[in-house]
Amino acid sequence: METSIILPPDYRPSEDEEYMNEYQVEYFRQKLLNWKKDLIEQSKDTLDDLRQGGLNQPDDIDRASMETDKAIDLRTKDRIRKLIGKINDALQRIEDKEYGYCEETGEPIGIARLEARPIATLSVEAQERHERMEKTYDDDAI
């Protein structure tokens with residue numbers, strides 16, 4: 001999406017303005033792009049750490065410790081990969097003009113929720129309903 005919208009440096013979305021106006025959309029687009037950039041940098045650091053071998057340590061305890069560290073790094077990298085996928089999905093919703101609206105109800109997700117979790121796809125109410133359903137099914141499995 002080529003954008004010609006320039007946000008004021010101190011712009012913050014507000015409940016007082018029209019929901020998902022061009023400034024709000026651009027604000028969240030930039031927020032998502034910056035988050036993605038930071039995650040990619042973090043991911044590169046994790047990859048560099050993983051490439052630094054060292055599993056041929058003579059001491060079994062040192063080797064076990066390094067293997068544990070590498071397993072944690074791999075989990076972190078996987079979490080980052082999944083989060084980048086969700087960010088890309090949110091950016092696509094911006095392109096499709098669906099960003100900021102609950103995928104279940106079509107109602108606004110809300111500025112505060114999007115500030116806290118810019119990749120949110122459900123309103124607070126829909127998310128709570130979803131979590132209650134999951135808990136109900138989890139409790140049934142016990």
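User: What does the side chain of Gln 24 reach at 3.3 Å?

Analyst: The backbone oxygen of Ser 14. A polar contact is a pair of N or O atoms within 3.5 Å; within protein, one must be able to donate a hydrogen and the other to accept it, and residues adjacent in sequence count only if both atoms are side-chain atoms. This is a predicted model: local features need pLDDT of at least 70, side-chain atom pairs count only at pLDDT 80 or more, and totals for chains, interfaces and linings use all residues. Residues are numbered from 1 along each chain as its sequence is written, and side-chain values use heavy atoms, with hydrogens and water left out.

User: Why is Gln 24 called buried?

Analyst: Its relative accessible area is 0%. Buried means under 20%, exposed over 50%, partly exposed in between (1.4 Å probe, protein chains only). So Gln 24 counts as buried.

User: Which residues does Gln 24 touch, leaving out those up to four places away in sequence?

Analyst: Tyr 11, Pro 13, Ser 14, Glu 17, Glu 18, Tyr 19 and Ile 111. Contact means heavy atoms within 4.5 Å.

User: Why is Ser 4 called exposed?

Analyst: Ser 4 has 70% relative accessibility, so the over 50% cut-off makes it exposed. Ser 4 lies in the segment before α1.

User: What does Phe 28 touch, not counting residues up to four places away in sequence?

Analyst: Pro 13, Met 20, Ile 94, Tyr 99, Ile 111, Leu 114 and Glu 115.

Technical notes:
Helix = DSSP H or I, 4+ residues; strand = E, 2+ residues; numbered from the N terminus.
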